[in-house]
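Here is a walk through one protein model, taken a contact at a time. Have the structure open and follow along.

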Amino acid sequence: DKSLCCGCWACANICPKHCIVMEEDQEGFCYPKVDEKTCVKCGLCEKVCPIKSENNGNDVVENFIIQHKDPEIRKGSTSGGFFTAACRYAIEHGGVVFGAAFDSQMTLRHMYSETMEGCAKFRGSKYVQSLIGDAYKEAKVFLEQGRFVVFSGTPCQISGLKKYLGKTQRENLVTVDVVCHGTPSPKLFKRFLAYQSSCYGNAKPVAYLSRDKHYGFSYSTSSIFFDNGQKYHKGIDSDLMLGLYFRNLVSRPSCYKCHFKTLERVSDLTIFDCWNASKEDSMFDRNGATNVFVHTKQGLDFFERIKMDFTYAHADLEEIIARDGVMIRNQVPENPLRTEFFNDLNLGMSMPQIEKKYMHRSLMKKLLSIIKPFMFKIGVFDLYLRMKR
(Lines give C-alpha, C1' and ligand atoms only; values in the text may rest on other atoms or scores of the structure.)
Protein backbone atom coordinates (compact mmCIF):
# COMPACT_ATOMS: atom_id res chain seq x y z
CA ASP A 1 0.00 0.00 0.00
CA LYS A 2 1.91 3.03 -1.26
CA SER A 3 -0.10 5.40 0.89
CA LEU A 4 1.76 3.88 3.86
CA CYS A 5 5.22 4.97 2.67
CA CYS A 6 6.21 8.63 2.84
CA GLY A 7 9.63 8.08 1.24
CA CYS A 8 11.66 9.29 4.23
CA TRP A 9 14.55 6.78 3.71
CA ALA A 10 14.80 5.95 7.44
CA CYS A 11 14.61 2.21 6.71
CA ALA A 12 17.37 2.38 4.09
CA ASN A 13 19.58 4.40 6.45
CA ILE A 14 19.13 2.08 9.45
CA CYS A 15 19.56 -1.31 7.73
CA PRO A 16 22.75 -2.94 9.13
CA LYS A 17 23.10 -5.21 6.09
CA HIS A 18 22.49 -2.47 3.49
CA CYS A 19 19.88 -4.70 1.89
CA ILE A 20 17.31 -1.93 1.41
CA VAL A 21 17.53 0.35 -1.61
CA MET A 22 15.13 3.10 -2.64
CA GLU A 23 13.82 2.52 -6.16
CA GLU A 24 11.80 4.89 -8.32
CA ASP A 25 8.35 3.72 -9.42
CA GLN A 26 6.44 4.63 -12.59
CA GLU A 27 5.31 7.92 -11.02
CA GLY A 28 8.85 8.96 -10.10
CA PHE A 29 8.57 8.40 -6.33
CA CYS A 30 11.08 6.28 -4.39
CA TYR A 31 10.05 3.22 -2.36
CA PRO A 32 12.14 0.70 -0.39
CA LYS A 33 13.06 -2.59 -2.03
CA VAL A 34 14.48 -5.33 0.21
CA ASP A 35 17.02 -7.94 -0.88
CA GLU A 36 15.51 -10.92 0.93
CA LYS A 37 18.72 -12.96 0.53
CA THR A 38 20.78 -10.65 2.73
CA CYS A 39 18.01 -9.55 5.11
CA VAL A 40 18.51 -10.93 8.64
CA LYS A 41 14.97 -10.04 9.84
CA CYS A 42 16.28 -7.70 12.56
CA GLY A 43 13.15 -5.55 12.33
CA LEU A 44 14.98 -2.23 12.58
CA CYS A 45 13.39 -0.97 9.37
CA GLU A 46 9.90 -1.29 10.84
CA LYS A 47 10.98 0.22 14.18
CA VAL A 48 12.19 3.42 12.51
CA CYS A 49 9.30 3.76 10.06
CA PRO A 50 7.48 6.96 11.11
CA ILE A 51 4.19 5.58 9.78
CA LYS A 52 4.37 2.07 11.24
CA SER A 53 5.60 3.20 14.65
CA GLU A 54 4.05 5.68 17.09
CA ASN A 55 4.96 9.35 16.84
CA ASN A 56 4.93 11.27 20.11
CA GLY A 57 4.71 14.88 19.02
CA ASN A 58 4.81 18.08 21.03
CA ASP A 59 2.09 20.71 21.17
CA VAL A 60 2.72 24.38 20.36
CA VAL A 61 4.26 26.08 23.40
CA GLU A 62 4.79 29.47 21.72
CA ASN A 63 4.10 31.06 18.35
CA PHE A 64 5.40 34.15 16.57
CA ILE A 65 5.14 36.14 13.38
CA ILE A 66 8.60 37.19 12.19
CA GLN A 67 10.22 39.28 9.48
CA HIS A 68 13.96 39.35 8.96
CA LYS A 69 15.32 42.86 9.45
CA ASP A 70 17.38 42.64 6.25
CA PRO A 71 15.04 43.32 3.27
CA GLU A 72 17.49 41.68 0.85
CA ILE A 73 17.33 38.43 2.80
CA ARG A 74 13.53 38.56 2.71
CA LYS A 75 13.59 39.26 -1.02
CA GLY A 76 15.53 36.03 -1.59
CA SER A 77 13.35 34.00 0.79
CA THR A 78 9.95 32.43 0.22
CA SER A 79 8.44 34.30 3.14
CA GLY A 80 10.09 36.10 6.08
CA GLY A 81 13.69 34.83 6.16
CA PHE A 82 13.55 32.72 9.34
CA PHE A 83 15.61 29.86 7.93
CA THR A 84 18.45 32.15 6.87
CA ALA A 85 18.79 33.39 10.46
CA ALA A 86 18.80 29.78 11.67
CA CYS A 87 21.58 28.97 9.19
CA ARG A 88 23.64 31.99 10.23
CA TYR A 89 23.58 31.00 13.90
CA ALA A 90 24.57 27.39 13.14
CA ILE A 91 27.44 28.36 10.83
CA GLU A 92 28.79 31.07 13.17
CA HIS A 93 28.90 28.48 15.97
CA GLY A 94 30.80 25.89 13.95
CA GLY A 95 27.68 23.95 13.07
CA VAL A 96 26.16 22.23 10.07
CA VAL A 97 22.88 22.87 8.24
CA PHE A 98 20.87 20.26 6.34
CA GLY A 99 18.37 21.23 3.67
CA ALA A 100 17.07 20.45 0.20
CA ALA A 101 19.03 21.66 -2.83
CA PHE A 102 19.35 20.77 -6.50
CA ASP A 103 22.43 18.95 -7.69
CA SER A 104 24.10 19.56 -11.07
CA GLN A 105 21.45 17.37 -12.76
CA MET A 106 18.60 19.33 -11.14
CA THR A 107 17.66 16.43 -8.86
CA LEU A 108 16.50 17.67 -5.46
CA ARG A 109 18.52 16.07 -2.68
CA HIS A 110 19.05 16.59 1.03
CA MET A 111 22.56 17.95 1.58
CA TYR A 112 24.53 19.64 4.33
CA SER A 113 26.55 22.82 4.32
CA GLU A 114 29.13 24.33 6.65
CA THR A 115 29.11 27.77 5.00
CA MET A 116 26.52 30.49 4.45
CA GLU A 117 27.27 30.36 0.72
CA GLY A 118 26.33 26.70 0.73
CA CYS A 119 23.21 27.35 2.80
CA ALA A 120 21.95 29.82 0.19
CA LYS A 121 20.93 26.93 -2.07
CA PHE A 122 18.58 25.64 0.67
CA ARG A 123 16.54 28.85 0.62
CA GLY A 124 13.25 29.14 -1.23
CA SER A 125 10.42 26.68 -1.80
CA LYS A 126 10.97 23.79 -4.16
CA TYR A 127 7.78 21.81 -4.66
CA VAL A 128 9.39 18.43 -5.38
CA GLN A 129 10.18 15.56 -3.01
CA SER A 130 13.84 15.65 -2.01
CA LEU A 131 15.88 12.46 -1.81
CA ILE A 132 17.20 12.02 1.75
CA GLY A 133 20.00 9.66 0.72
CA ASP A 134 22.58 9.38 3.53
CA ALA A 135 21.57 12.65 5.24
CA TYR A 136 20.39 10.92 8.43
CA LYS A 137 23.68 9.04 8.75
CA GLU A 138 25.67 12.22 8.13
CA ALA A 139 23.67 14.16 10.73
CA LYS A 140 24.28 11.44 13.31
CA VAL A 141 28.04 11.59 12.73
CA PHE A 142 28.07 15.35 13.24
CA LEU A 143 26.00 15.06 16.42
CA GLU A 144 28.32 12.39 17.81
CA GLN A 145 31.22 14.76 17.12
CA GLY A 146 29.48 17.40 19.25
CA ARG A 147 28.70 19.67 16.28
CA PHE A 148 25.60 21.86 16.28
CA VAL A 149 23.10 20.67 13.62
CA VAL A 150 20.08 22.40 12.10
CA PHE A 151 18.02 19.94 10.06
CA SER A 152 15.10 21.17 7.93
CA GLY A 153 12.56 19.15 5.99
CA THR A 154 8.96 18.06 5.67
CA PRO A 155 7.24 16.66 8.81
CA CYS A 156 7.68 13.06 7.62
CA GLN A 157 11.40 13.62 6.95
CA ILE A 158 11.91 15.10 10.41
CA SER A 159 10.01 12.20 11.95
CA GLY A 160 12.16 9.74 10.00
CA LEU A 161 15.31 11.48 11.28
CA LYS A 162 14.16 11.32 14.90
CA LYS A 163 13.28 7.64 14.59
CA TYR A 164 16.64 6.91 12.97
CA LEU A 165 18.63 8.76 15.64
CA GLY A 166 16.96 6.89 18.48
CA LYS A 167 18.84 7.63 21.69
CA THR A 168 21.63 9.57 19.99
CA GLN A 169 22.48 12.71 21.95
CA ARG A 170 20.35 15.56 20.58
CA GLU A 171 21.34 18.54 22.72
CA ASN A 172 22.99 20.08 19.68
CA LEU A 173 20.15 19.31 17.23
CA VAL A 174 17.42 21.74 16.15
CA THR A 175 14.82 20.44 13.71
CA VAL A 176 12.64 22.67 11.54
CA ASP A 177 9.67 21.35 9.59
CA VAL A 178 7.71 23.20 6.93
CA VAL A 179 3.93 23.01 6.65
CA CYS A 180 3.40 20.86 3.60
CA HIS A 181 0.70 20.70 0.89
CA GLY A 182 2.21 17.55 -0.60
CA THR A 183 5.27 16.38 -2.52
CA PRO A 184 4.95 16.49 -6.34
CA SER A 185 6.37 13.85 -8.64
CA PRO A 186 10.10 14.19 -9.47
CA LYS A 187 9.35 12.47 -12.78
CA LEU A 188 6.87 15.17 -13.75
CA PHE A 189 9.35 17.85 -12.64
CA LYS A 190 12.06 16.45 -14.92
CA ARG A 191 9.64 16.40 -17.85
CA PHE A 192 8.57 19.96 -17.04
CA LEU A 193 12.17 21.22 -16.95
CA ALA A 194 13.02 19.40 -20.18
CA TYR A 195 10.07 21.04 -21.93
CA GLN A 196 10.97 24.50 -20.64
CA SER A 197 14.55 23.93 -21.74
CA SER A 198 13.32 23.22 -25.28
CA CYS A 199 11.38 26.49 -25.22
CA TYR A 200 14.55 28.41 -24.32
CA GLY A 201 16.88 27.16 -27.04
CA ASN A 202 17.76 23.95 -25.18
CA ALA A 203 19.48 26.00 -22.47
CA LYS A 204 20.32 24.04 -19.32
CA PRO A 205 18.28 24.83 -16.18
CA VAL A 206 20.62 25.65 -13.30
CA ALA A 207 18.16 26.81 -10.62
CA TYR A 208 14.45 26.57 -9.87
CA LEU A 209 12.11 28.13 -7.32
CA SER A 210 8.45 27.22 -6.94
CA ARG A 211 7.67 30.37 -4.97
CA ASP A 212 9.88 33.22 -6.15
CA LYS A 213 9.19 36.89 -5.37
CA HIS A 214 9.82 38.08 -8.92
CA TYR A 215 6.37 39.70 -8.97
CA GLY A 216 6.37 40.36 -5.23
CA PHE A 217 5.28 38.37 -2.19
CA SER A 218 1.58 38.64 -3.04
CA TYR A 219 1.91 36.93 -6.44
CA SER A 220 3.75 33.63 -6.09
CA THR A 221 5.94 32.97 -9.10
CA SER A 222 7.55 29.85 -10.54
CA SER A 223 11.05 30.75 -11.75
CA ILE A 224 13.64 28.82 -13.77
CA PHE A 225 17.14 30.17 -14.38
CA PHE A 226 19.10 28.90 -17.39
CA ASP A 227 22.84 28.68 -18.02
CA ASN A 228 22.62 31.13 -20.93
CA GLY A 229 21.21 33.87 -18.68
CA GLN A 230 17.59 33.50 -19.75
CA LYS A 231 14.86 33.34 -17.11
CA TYR A 232 11.38 31.86 -16.93
CA HIS A 233 8.82 33.54 -14.67
CA LYS A 234 5.17 32.56 -14.48
CA GLY A 235 2.61 33.32 -11.82
CA ILE A 236 0.82 30.68 -9.80
CA ASP A 237 -2.28 31.07 -12.00
CA SER A 238 -0.49 30.16 -15.26
CA ASP A 239 2.49 27.94 -14.42
CA LEU A 240 1.96 24.31 -15.41
CA MET A 241 3.89 22.71 -12.54
CA LEU A 242 2.15 24.76 -9.86
CA GLY A 243 -1.21 24.38 -11.58
CA LEU A 244 -1.04 20.57 -11.54
CA TYR A 245 0.26 20.58 -7.97
CA PHE A 246 -2.53 22.72 -6.55
CA ARG A 247 -5.10 20.69 -8.46
CA ASN A 248 -3.94 17.76 -6.28
CA LEU A 249 -3.01 15.64 -9.29
CA VAL A 250 0.68 14.94 -8.80
CA SER A 251 1.64 14.38 -5.14
CA ARG A 252 2.87 11.17 -3.55
CA PRO A 253 0.03 8.76 -2.56
CA SER A 254 0.89 9.08 1.15
CA CYS A 255 0.33 12.85 0.97
CA TYR A 256 -3.41 12.33 0.50
CA LYS A 257 -3.48 10.20 3.67
CA CYS A 258 -0.80 12.12 5.56
CA HIS A 259 -0.05 10.86 9.08
CA PHE A 260 1.59 14.13 10.10
CA LYS A 261 -1.28 16.62 9.78
CA THR A 262 -1.40 17.75 13.38
CA LEU A 263 -0.30 20.55 15.67
CA GLU A 264 1.66 18.02 17.74
CA ARG A 265 4.94 17.86 15.82
CA VAL A 266 8.11 15.92 16.59
CA SER A 267 10.17 18.87 15.34
CA ASP A 268 11.39 21.74 17.51
CA LEU A 269 10.00 24.41 15.18
CA THR A 270 7.38 24.60 12.44
CA ILE A 271 7.45 27.38 9.84
CA PHE A 272 4.99 28.52 7.17
CA ASP A 273 3.94 31.64 5.25
CA CYS A 274 2.22 34.48 7.05
CA TRP A 275 0.17 36.22 4.37
CA ASN A 276 -1.56 38.62 6.74
CA ALA A 277 1.27 39.93 8.90
CA SER A 278 0.51 43.58 8.12
CA LYS A 279 -3.08 43.03 9.25
CA GLU A 280 -1.91 41.40 12.46
CA ASP A 281 0.51 44.19 13.40
CA SER A 282 1.35 47.49 11.68
CA MET A 283 5.09 46.98 12.35
CA PHE A 284 5.17 44.42 9.51
CA ASP A 285 5.23 45.31 5.82
CA ARG A 286 3.77 43.28 2.94
CA ASN A 287 7.06 41.88 1.62
CA GLY A 288 6.99 38.51 3.30
CA ALA A 289 6.62 37.16 6.83
CA THR A 290 6.88 33.76 8.50
CA ASN A 291 4.73 32.08 11.11
CA VAL A 292 6.90 30.20 13.61
CA PHE A 293 5.41 27.58 15.92
CA VAL A 294 7.68 26.47 18.76
CA HIS A 295 7.13 22.94 20.08
CA THR A 296 9.98 22.30 22.53
CA LYS A 297 12.17 24.04 25.09
CA GLN A 298 15.08 23.41 22.73
CA GLY A 299 13.20 25.22 19.99
CA LEU A 300 12.35 28.14 22.27
CA ASP A 301 15.98 28.46 23.41
CA PHE A 302 17.07 28.53 19.79
CA PHE A 303 14.51 31.20 18.92
CA GLU A 304 15.80 33.33 21.78
CA ARG A 305 19.33 33.05 20.37
CA ILE A 306 18.39 34.28 16.90
CA LYS A 307 15.51 36.67 17.59
CA MET A 308 17.73 39.76 17.31
CA ASP A 309 17.67 39.18 13.52
CA PHE A 310 13.88 39.68 13.41
CA THR A 311 11.03 42.02 13.87
CA TYR A 312 8.61 39.71 15.67
CA ALA A 313 5.33 39.59 17.54
CA HIS A 314 3.18 37.04 19.34
CA ALA A 315 -0.02 35.97 17.59
CA ASP A 316 -3.25 34.17 18.41
CA LEU A 317 -2.73 30.51 17.57
CA GLU A 318 -6.16 29.63 16.21
CA GLU A 319 -6.46 32.85 14.21
CA ILE A 320 -3.12 32.17 12.53
CA ILE A 321 -4.17 28.62 11.70
CA ALA A 322 -7.49 29.81 10.29
CA ARG A 323 -5.87 32.49 8.12
CA ASP A 324 -2.58 30.90 7.04
CA GLY A 325 -2.24 27.39 8.42
CA VAL A 326 -5.17 25.22 7.41
CA MET A 327 -2.69 22.71 5.95
CA ILE A 328 -1.28 22.06 9.41
CA ARG A 329 -4.30 19.89 10.18
CA ASN A 330 -5.99 19.30 6.84
CA GLN A 331 -5.10 16.79 4.15
CA VAL A 332 -5.57 17.59 0.49
CA PRO A 333 -8.12 15.43 -1.36
CA GLU A 334 -6.75 13.27 -4.14
CA ASN A 335 -7.94 14.44 -7.55
CA PRO A 336 -10.08 11.66 -9.14
CA LEU A 337 -8.13 12.19 -12.38
CA ARG A 338 -4.76 11.43 -10.76
CA THR A 339 -4.41 7.88 -12.14
CA GLU A 340 -5.43 9.06 -15.60
CA PHE A 341 -2.91 11.88 -15.40
CA PHE A 342 0.01 9.57 -14.66
CA ASN A 343 -1.10 7.19 -17.40
CA ASP A 344 -0.99 10.09 -19.83
CA LEU A 345 2.40 11.20 -18.52
CA ASN A 346 3.86 7.70 -18.90
CA LEU A 347 2.41 7.29 -22.37
CA GLY A 348 4.38 10.32 -23.45
CA MET A 349 1.71 13.02 -23.59
CA SER A 350 3.45 16.35 -24.21
CA MET A 351 3.44 19.21 -21.73
CA PRO A 352 1.18 21.39 -23.96
CA GLN A 353 -1.27 18.48 -24.29
CA ILE A 354 -1.22 17.93 -20.52
CA GLU A 355 -1.82 21.64 -19.95
CA LYS A 356 -4.75 21.65 -22.34
CA LYS A 357 -6.34 18.59 -20.73
CA TYR A 358 -5.73 19.22 -17.03
CA MET A 359 -5.27 22.99 -16.61
CA HIS A 360 -8.82 24.21 -17.15
CA ARG A 361 -8.88 27.99 -16.65
CA SER A 362 -11.64 30.50 -17.19
CA LEU A 363 -11.20 33.28 -19.73
CA MET A 364 -10.92 35.78 -16.88
CA LYS A 365 -8.08 33.81 -15.25
CA LYS A 366 -6.28 33.54 -18.59
CA LEU A 367 -6.56 37.29 -19.06
CA LEU A 368 -5.36 38.01 -15.53
CA SER A 369 -2.32 35.77 -16.02
CA ILE A 370 -1.34 38.02 -18.95
CA ILE A 371 -2.33 41.34 -17.37
CA LYS A 372 -0.62 40.83 -13.99
CA PRO A 373 2.96 40.60 -15.36
CA PHE A 374 2.23 43.58 -17.60
CA MET A 375 1.03 45.61 -14.60
CA PHE A 376 4.22 44.65 -12.78
CA LYS A 377 6.36 45.85 -15.70
CA ILE A 378 4.68 49.27 -15.83
CA GLY A 379 4.75 49.65 -12.06
CA VAL A 380 1.05 49.49 -11.17
CA PHE A 381 0.87 45.97 -9.73
CA ASP A 382 0.92 47.26 -6.14
CA LEU A 383 -2.03 49.52 -7.01
CA TYR A 384 -3.92 46.48 -8.35
CA LEU A 385 -3.25 44.60 -5.07
CA ARG A 386 -4.46 47.54 -2.98
CA MET A 387 -7.64 47.76 -5.07
CA LYS A 388 -8.15 44.02 -4.69
CA ARG A 389 -7.76 44.24 -0.91
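As background, side chains of opposite charge can pair when their charged atoms come close. Two housekeeping points follow. This is a predicted model, where local features need pLDDT of at least 70 and side-chain atom pairs count only at pLDDT 80 or more, while totals for chains, interfaces and linings use all residues. Residues are numbered from 1 along each chain as its sequence is written, and side-chain values use heavy atoms, with hydrogens and water left out.

How many salt bridges does that rule give? The count comes to 15. Start with Glu92 and Arg88, whose side chains meet in a salt bridge at 2.8 Å, N to O. Both sit in helix H4, and because they are 4 residues apart there, about one helical turn separates them. (Helices, H or I with at least four residues, and strands, E with at least two, are DSSP runs numbered from the N terminus.) Glu92 counts as exposed, at 55% relative accessibility, whereas Arg88, at 22%, counts as partly exposed. For those words, buried means under 20% relative accessible area, exposed means over 50%, and partly exposed is in between, using a 1.4 Å probe and protein chains only.

Arg88 has another partner. It forms a salt bridge with Asp309, with the closest N and O atoms 2.8 Å apart. Asp309 lies in the loop between helix H11 (297-306) and E13, so this pair ties together parts that are 221 residues apart in sequence. Asp309 itself is buried, with a relative accessible area of 13%. Put together, Arg88, Glu92 and Asp309 are linked in a network of salt bridges.

Arg211 is in strand E8 (residues 205-212) and Asp273 in strand E11 (residues 269-273), 62 residues apart. Are these two buried or exposed? Arg211 counts as buried at 8% relative accessibility, and Asp273 is buried too, with a relative accessible area of 14%.

A pair of aromatic rings is described by the distance of the centres and the angle of the planes. The rule used here pairs rings of Phe, Tyr and Trp (its six-membered ring) if their centres lie within 6.5 Å; planes under 30 degrees apart count as stacked, over 60 as edge-to-face and the rest as tilted. A search of the whole structure finds 27 aromatic pairs. One of them is Phe82 with Phe310, a stacked pair at 5.6 Å centre to centre and 20° between the planes. Phe82 belongs to helix H4 (residues 82-92) and Phe310 to strand E13 (residues 310-314), 228 residues apart.

Elsewhere, Phe98, Tyr112, Tyr136, Phe142, Phe151 and Tyr164 form one aromatic cluster. Tyr164 also has a charge over its face: Lys140 lies there, at 5.6 Å from the ring centre. Lys2 does something of the kind with Tyr31, its charged end sitting over the ring at 4.8 Å from the centre. To qualify, NZ of Lys or CZ of Arg must be within 6 Å of the ring centre and within 35 degrees of the ring normal.

Thr84 is found in helix H4 and is buried, with a relative accessible area of 8%. Not counting residues up to four places away in sequence, Thr84 touches Ile73, Ser77, Met116 and Arg123. Ser113, in strand E5 (residues 108-113), is buried with a relative accessible area of 5%. Beyond residues up to four places away in sequence, Ser113 touches a list of residues including Ile91, Val97 and Phe122. The C-alpha atoms of Ser113 and Val97 are separated by 5.4 Å, and the two are 16 residues apart along the chain.

Note on methods. Contact means heavy atoms within 4.5 Å. A salt bridge is a side-chain nitrogen of Lys or Arg within 4 Å of a carboxyl oxygen of Asp or Glu.
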